[in-house]
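Hi everyone, thanks for having me.

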Amino acid sequence: MTWLPADFAHPLRVELSGGHHLRPITASDAAMDHPVVMGSRERLWSLFGEAWGWPAESMTYEANQKDLERHEAEIAAHESFNYVLLDGTGTVESGCVYIDPPEKAGADAEISWWVTDDRAGTGLERELDSLVPRWIAEDWPFERPRFIGRDLSWREWLALPDADGDPAADA
């Protein structure tokens, strides 16, 4: 069994209130993404640093753009997905959602997300927290998604055994 069915079409836009929406991130988002990530770096590092080593304290614009190029290619290949959270104009980034194949046993997908420092604790963050599990259940073909940082902490996730590479065998 592969991670996703061959005929699966990933969502291209997911609506939130106030015109906010999610869409797949692209390399052309680097000019918007880099200052947002670095502006929220301390909090993002506290969430993702131990597991992903991201975002590095000295992450350059060029390094960020390479990351986004990789994300864009992975999305096109259906290897993993990074959705950017944008305002109604599509010009202000407020966070991201990651949908990845499992690295750890016991799930068929691993999902995590974040909002920028200025959106932490706001209605937009609460809406995203509510939307993501519902969206995954309704629009994605997963039976055992794991919401890292929600269902379990990143530290608990790191302690899980590694997946063997076959999501079907990790049940």
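So, in what order do the six strands of the open sheet come? Keep in mind that this is a predicted model. The order is S1-S2-S3-S4-S5-S6, and the pairing is mixed. At the edges sit S1, residues 14-15, and S6, residues 145-147, each of which pairs on one side only.

Let's start with S1. Its pairing with S2, residues 21-24, is antiparallel and covers two bridges. If you want to find the spot on screen, look for valine 14, which stands opposite leucine 22 in S2.

Now the helices. Which strands does H1 lie across? H1, residues 30-39, lies across S2, S3, S4 and S5, and runs at about 95° to S4. Then there's H2, residues 41-52, which lies across S4 and S5 and runs at about 155° to S5.

The largest pocket holds about 460 Å³. It's lined by 27 residues, and the ones closest to its centre are Trp52, Arg70, His71, Tyr98 and Asp100. The elements giving two or more residues to that lining are H1, H3, S3, S4, S5 and H5.

So which helix gives the most to the lining of the largest pocket? That's H3, with six residues. As for what kinds of residues line the pocket, 14 are nonpolar, five are polar and eight are charged.

Methods: Residues are numbered from 1 along each chain as its sequence is written. This is a predicted model: local features need pLDDT of at least 70, side-chain atom pairs count only at pLDDT 80 or more; totals for chains, interfaces and linings use all residues. Side-chain values use heavy atoms; hydrogens and water are left out. Two strands pair if DSSP finds at least two bridges between them. Helices (H or I, at least four residues) and strands (E, at least two) are DSSP runs, numbered from the N terminus. Contact means heavy atoms within 4.5 Å. Axes are lines fitted to C-alpha atoms, for helices over the stretch in contact, and angles run from 0 to 180 degrees between N-to-C directions. On a 1 Å grid over the protein atoms alone, a cavity is a set of points where a 1.4 Å probe fits but cannot get out, and a pocket is an open set with protein on both sides within 12 Å along at least five of seven lines; lining residues have an atom within 4 Å of a point. Grid points are joined across faces, edges and corners, and a volume is the space filled by probe spheres set on the points. Ala, Val, Leu, Ile, Met, Phe, Trp, Tyr, Cys and Pro count as nonpolar, Asp, Glu, Lys and Arg as charged, and the others, Gly among them, as polar.
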